[in-house]
Amino acid sequence: MTRRTPYGAAEFGAEATGHGRVYQAGGNQYVTVYGAGHAPPVIPEPATPSPESVRVPLTSPLSSPLRDRHELRAELLRDIRDPAGAGNGLHVVCGMAGCGKTAVAQTVFGEAVQDGVVGLWVNASHLSSFRSGMLAVAHDRGASQDEVDAARTDRRAAADFVWHYLDRSPERWLLVLDNADDPEVFRDELWLRTSRRGIVLVTSRNGHARAWRTAARHPLDVLRIADAVDVLRDLTIGAEEQAKLELLAARLGCHPLALSLAGAYFGRQLLESVTVDEYLKRLDADPSLVDRGAEPGEQDLRRLISGTWQLSLDALAERGAPETTTLLRLISCFAPDPLPAALLRPAGLDTAGLPDADPALRGEQANDALEGLLSHSLVSLLDVSVGAGDTTVRGLRAHPLLLETVAARTPVDQRGILLRAATDLLKGLLPAGAEQGTESHTLRLLTPHAIHLLRRTVRERAEVRETALTVVRELRGHAFACGDLAAARALAAEAVGASEDAGSAETLDDLHEHGRALSGLGRYAQAVETHGKALRARHELLGADHTDTLDSAYALGLALYGLGRWADDERYMRQAAEGRERVLGPGHPDTIDAVSCLAEAVGQQGRWAEAEALGRSNLGAAEAALGPEDGHTLTARIALAWVLAGTGAWPEAEVHTRRTLEGRERTLGADHPRTLAARQRLADVLTHLEQWEEAEAAARAVRSVRQHALGDEHPHTLSVQILLSRILRARGSLAEARDTAAESLAACVRVLGGTHPDTERCRRELAAATGALNHHEEERP
């Protein structure tokens with residue numbers, strides 16, 4: 001007896017019905033019941049249970065509407081509605097774990113079903129679940145149970161069988177193959193086909209598989225900050241201020257799964273109300289807090305931040321690559337900024353001690369291990385723009401939460417090995433000696449990693465921490481040498497904070513370098529405070545005539561000069577100059593530099609004859625001891641040129657200034673800060689010689705470089721802007737002169753204060769430009 005009954009329930013399985021067995025499939029299917037009077041056919045039990053449904057997504061419901069991804073959804077829906085059109089019948093949505101691949105598929109699936117398309121969903125995470133799901137798809141599309149059983153027991157070609165029914169489907173369909181992280185389930189693409197009746201949508205962490213070569217690939221990244229905030233608002237955090245939600249979204253890296261878990265955590269706090277600020281503090285102390293937003297007893301590792309990374313590492317280990325775990329743990333020792341790929345060179349890995357890690361990582365395995373991480377979207381490769389022009393460095397990047405959670409889950413006995421190796425590898429990338437050479441453009445990339453490592457080694461053995469501190473100090477020196485003051489300041493501040501003995505000579509060196517960086521960035525008040533502290537401590541520890549003490553006096557004088565405190569500048573600069581002459585001699589480079597600055601401090605107070613005498617004797621001593629082209633001799637020459645300008649000896653000042661500029665350009669390059677200072681001095685001299693065109697060109701060139709390198713409100717940028725305003729006024733560009741002066745004055749007041757000499761100078765220039773412009777407009781007919 002055969003009874004045919006339509007079923008709308010989305011089921012596929014076997015259940016007892018008295019004397020027989022019923023096999024059901026989703027959609028309007030024929031169900032055959034074998035009664036007691038008929039002997040049922042022998043049907044072997046499937047090794048893997050069939051899915052309970054292929055008509056609904058076999059995943060958790062979305063906790064928040066899909067944000068962003070608008071163009072991708074539109075493209076997929078266009079092909080779904082017209083599978084025989086010009087689109088691609090195979091689409092792969094790929095990206096890191098938790099970035100929303102399945103959410104995209106769920107949303108598109110729902111929209112397609114609403115349009116009358118048959119939605120089919122198969123879990124492709126394992127061969128058994130994939131094969132069982134595809135046979136259920138064939139049953140859904142009209143195959144008989146006998147045919148399904150024949151394919152299940154390999155009595156007929158399963159892939160051909162399934163696609164036979166997909167190609168003959170009376171309705172259009174969308175087939176989602178979810179979590180296809182291992183493309184081997186497709187048996188050399190035997191199962192991946194296209195049809196005029198529908199499209200296949202694959203979600204996978206593996207974005208580089210050979211199986212996708214004919215597919216339309218759609219890489220997914222994290223959400224934009226605005227969309228991430230919307231997700232948080234969807235998840236019961238709507239009462240918080242926008243700025244705080246943006247801070248939380250940024251802290252979570254705008255990662256969709258992390259956002260979902262965080263929102264769930266807030267929603268489940270029944271006994272206390274947790275603010276965003278409190279959550280962020282807890283998260284900083286314990287990165288595993290993110291996972292606590294999951295449902296109690298959550299078993300699906302894909303729904304946990306820590307678990308979703310581990311699934312990929314476990315899969316790679318099963319494929320014979322356990323060393324990928326060690327490589328990812330090593331990468332997690334560094335900051336979430338782009339990491340230079342050169343740091344993972346095989347030779348360096350072998351010497352860094354990673355063959356002793358567990359699992360071991362040898363240099364010869366590094367390339368394959370990295371390929372494994374790339375294949376599962378745990379890291380990505382990118383070309384990072386550095387330096388001038390089109391210079392790029394190949395780098396690695398991983399999501400901050402991935403690095404944070406992997407680092408937190410690294411076994412305690414492995415952390416020391418990995419941190420020591422990471423520190424040694426970073427040290428190996430630093431240029432040898434003080435010369436920068438062609439590698440200087442990578443130094444800025446290394447800065448956040450050096451800082452991060454130093455912080456990570458606080459609880460490690462002394463030798464590991466000391467190596468990390470050495471790297472920070474060496475990198476700081478390189479940053480100073482190539483003029484990267486922002487990096488130098490960050491590194492110097494970190495070194496000061498990491499020092500355990502506040503009164504040691506090494507710690508005072510760090511304090512001194514921090515002050516130098518602050519002064520270079522135009523933060524003169526902070527620099528004065530820092531150098532004053534270092535000077536007092538060095539004087540007590542080392543004595544008045546120790547070279548380090550004299551260095552602090554010199555640096556303090558420079559910072560005071562920046563504040564316009566000329567008398568205080570003279571006091572400390574004279575201490576440095578006289579002490580260095582006494583200890584090092586009059587021809588020593590450090591003495592030359594100090595006397596040059598002393599001459600300027602004296603000249604700023606109007607004692608021009610004394611300043612000129614200091615400048616001329618200092619230049620003579622420098623030429624005799626160091627030669628006319630030495631950099632310290634050029635410092636003495638430009639100082640004398642400045643004093644000569646103050647006395648009104650403009651032609652001689654021009655000669656010395658041009659000679660200094662030529663020497664600086666030849667030895668340091670056109671954009672070095674000292675070269676720019678010489679070019680600005682020349683522009684000033686030329687204004688008094690009324691060579692306006694060349695003066696304007698020089699001033700504009702200096703301003704352009706400083707705006708790019710230092711910013712619009714650095715004191716050095718403001719000083720050249722004031723000079724440019726004066727030049728423009730003299731050339732008749734009165735409106736531009738006034739606007740330049742007005743803009744500069746507002747910045748001077750903010751940065752330097754209302755009584756600083758440069759602020760007063762700018763105020764006078766604005767008044768002159770405004771008056772000239774008003775007079776010009778009054779005279780117009």
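The model is predicted: local features need pLDDT of at least 70, side-chain atom pairs count only at pLDDT 80 or more, and totals for chains, interfaces and linings use all residues. Residues are numbered from 1 along each chain as its sequence is written, and side-chain values use heavy atoms, with hydrogens and water left out.

The secondary structure of the protein comes to 31 helices and ten strands. Helices (H or I, at least four residues) and strands (E, at least two) are DSSP runs, numbered from the N terminus. Of the 781 residues, 51% count as buried. Buried means under 20% relative accessible area, exposed means over 50%, and partly exposed lies in between (1.4 Å probe, protein chains only). The protein exposes about 35,100 Å², and carbon and sulfur atoms supply 50% of that area. Accessible areas come from the Shrake-Rupley method with a 1.4 Å probe; for residues, only the protein chains shown count as cover. A contact means heavy atoms within 4.5 Å. Among contacts between residues at least 6 apart in sequence, 65% join residues at least 24 apart.

Five strands form an open sheet in the order E4-E5-E6-E3-E7, with parallel pairing. Its edge strands are E4 (118-123) and E7 (216-219), and each pairs on one side only. From one strand to the next, the twist averages 20°. Two strands pair if DSSP finds at least two bridges between them. Strands of a sheet pair through backbone hydrogen bonds, either parallel or antiparallel. Strand E3 (residues 90-94) is joined to E7 by four bridges, and the two run parallel. Here Cys 94 stands opposite Pro 219 in E7.

Helix H2 packs on this sheet. The helix touches E3, E4, strand E5 (173-178) and strand E6 (198-204), and its direction makes about 155° with that of E4. Axes are lines fitted to C-alpha atoms, for helices over the stretch in contact, and angles run from 0 to 180 degrees between N-to-C directions. Ala 103 lies in H2, which covers residues 101-114. Ala 103 counts as buried, at 17% relative accessibility. With residues up to four places away in sequence left out, Ala 103 touches Leu 62 and Leu 66. Ala 103 and Ser 63 are 40 residues apart in sequence and 9.8 Å apart in space, C-alpha to C-alpha.

Strand E5 is largely enclosed by the rest of the structure, because six of its six residues are buried. In a regular strand the side chains alternate between the two faces of the sheet. In E5, Trp 173, Leu 175 and Leu 177 point one way, while Leu 174, Val 176 and Asp 178 point the other way. E4 and E5 pair in the parallel sense over six bridges. Leu 120 stands opposite Leu 175 in E5. E5 and E6 also pair in the parallel sense, over five bridges. The bridge partner of Trp 173 in E6 is Gly 198.

Helix H20 (residues 524-542) has 19 residues. It reaches 25 Å from its first C-alpha to its last, close to the 27 Å expected at 1.5 Å a residue. The expected span is 1.5 Å times one less than the number of residues. The buried residues of H20 include Tyr 524, Val 528, His 531, Leu 535 and Arg 538. They pack against helices H19 (505-520), H21 (547-562), H22 (566-583) and H29 (715-731). Just after H20, Gly 543 takes a positive phi of about 105°.

A search of the whole structure finds 52 salt bridges. A salt bridge is a side-chain nitrogen of Lys or Arg within 4 Å of a carboxyl oxygen of Asp or Glu. One of them joins Asp 160 to Arg 193, with the closest N and O atoms 2.7 Å apart. Asp 160 lies in helix H5 (residues 158-167) and Arg 193 in the loop between E5 and E6, so the pair ties together parts that are 33 residues apart in sequence. Asp 160 is partly exposed at 43% relative accessibility, and Arg 193 is partly exposed at 27%.

Asp 551 forms a salt bridge with Arg 580, the closest N and O atoms being 2.7 Å apart. This pair links H21 to H22, so parts 29 residues apart in sequence are tied together. Asp 551 is partly exposed at 22%, whereas Arg 580 is buried at 4%. A network of salt bridges links Glu 570, Arg 574, Glu 578, Arg 607 and Glu 610.
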